[in-house]
Structures are given as structure tokens and as C-alpha cells.
Amino acid sequence: MSVVVAVKPSARKRNAKVGRLVFEDGPRHAFESRAAAERWAADLSTGDGHVWVASAHPRDGDDTDLYLVSRATNAKLEAAYDKRRRRLRGDSGPEQESLGGEP
């Protein structure tokens, strides 16, 4: 039995190894089992953005069994949101203090 994994754009954007793999070998890969696909995803995640396999929706209509996915984030936007949330909570203290300086 063969398991077909399709690489989603979120995985390519988050993990450079995945992007290179898609460029060189295409967006679809076959494995002997889901466990083999999960090991592949774990290997791709070492030292780079985290990716994992997720089941494909049964109504997708193609021969894909699994997707290689990731959560695409923008760290700068997340940091801005955290800063705004602290300000709205009323945290008025400085965000950083110098070492050895007066509190």
C-alpha cells in the first residue's frame, strides 16, 4: 500500500528544506505508510520550521492521502500584537531594563 503526501504552501514557506525539496522533486511524494511519512516530516523539521502530516479531506477528489503542513506565522506581527495587548492591560513599566541600572 502506498501513501501519497502533497506539500501545502504553508510547509514550503515555513521550512526551507521543504521548499528546496518541492523545487527539486515536486509537491507530491509517496511513502509505504503513514508512519514513514511522519518520520520524513520529523526529519525535515530538525533545525528548521516545524512541519507535520495531516489527513487529507475525503472530498478533495485527488489521490492525496496526507498533507505536509505547517503553521505559517509572522513573528513581527505577533510581537506587535503582544505589545499592544500589554499596553491595553495597563502595563506601564518599561519592557526592558539595562543590566546593573536603576530599576
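Let's start with aromatic pairs. The rule takes rings of Phe, Tyr and Trp, using the six-membered ring of Trp, and pairs them if their centres lie within 6.5 Å. Planes under 30 degrees apart count as stacked, over 60 as edge-to-face, and the rest as tilted. How many pairs does this rule give? The count comes to one aromatic pair. In that pair, the ring centres of F31 and W40 are 4.8 Å apart and the planes stand at 45 degrees, so the pair is tilted.

Are F31 and W40 buried or exposed? F31 is buried, at 16% relative accessible area. W40 is buried too, at 15%. Buried means under 20% relative accessible area, exposed means over 50%, and partly exposed lies in between, with a 1.4 Å probe and protein chains only.

Now a word on what you are looking at. This is a predicted model, where local features need pLDDT of at least 70, side-chain atom pairs count only at pLDDT 80 or more, and totals for chains, interfaces and linings use all residues. Residues are numbered from 1 along each chain as its sequence is written, and side-chain values use heavy atoms, with hydrogens and water left out.

pLDDT is the predictor's confidence in each residue, from 0 to 100. The mean for the protein is 81, and 68% of its residues reach 70 or more. Which element has the lowest mean pLDDT? Helix α4, residues 75-89, at 59. Strand β2 has the highest, at 96. So please keep α4 in mind as you look at the model.Next, the layout. The protein has four helices and four strands. Helices (H or I, at least four residues) and strands (E, at least two) are DSSP runs, numbered from the N terminus. The order from the N terminus is β-α-α-β-α-β-β-α. Buried residues make up 29% of the 103 residues.

On to helix α2, residues 16-25. Its buried residues are V18, L21 and V22. Seen down the α2 axis, they fall within an arc of 100 degrees, so they line one face of the helix. That arc is taken from the directions from the helix axis to the C-beta atoms. On the other side of α2, F23 and E24 are exposed.

What do the buried residues of α2 pack against? They pack against β1 (3-7), α1 (9-14), β2 (28-31), α3 (34-45) and β4 (66-69). Contact here means heavy atoms within 4.5 Å.

Look at the ends of α2. At the N-terminal end, N15 is the cap: one of its side-chain oxygens lies 2.9 Å from the backbone nitrogen of K17. Just after the helix, G26 takes a positive phi of about 95 degrees.

V7 sits in strand β1. V7 counts as buried, at 7% relative accessibility. Its contacts, leaving out residues up to four places away in sequence, are R12, V18, V22, P27, H29, W40 and L68. The C-alpha atoms of V7 and Y67 are 5.7 Å apart, although 60 residues separate them along the chain.

Last stop, S70. Where is S70? In the loop between β4 and α4. S70 counts as buried, at 9% relative accessibility. Its side chain reaches the backbone oxygen of H50 at 2.8 Å. Beyond four places in sequence, S70 touches S10, A11, R14, H50, V51 and W52.

Terms used
A polar contact is a pair of N or O atoms within 3.5 Å; within protein, one must be able to donate a hydrogen and the other to accept it, and residues adjacent in sequence count only if both atoms are side-chain atoms.
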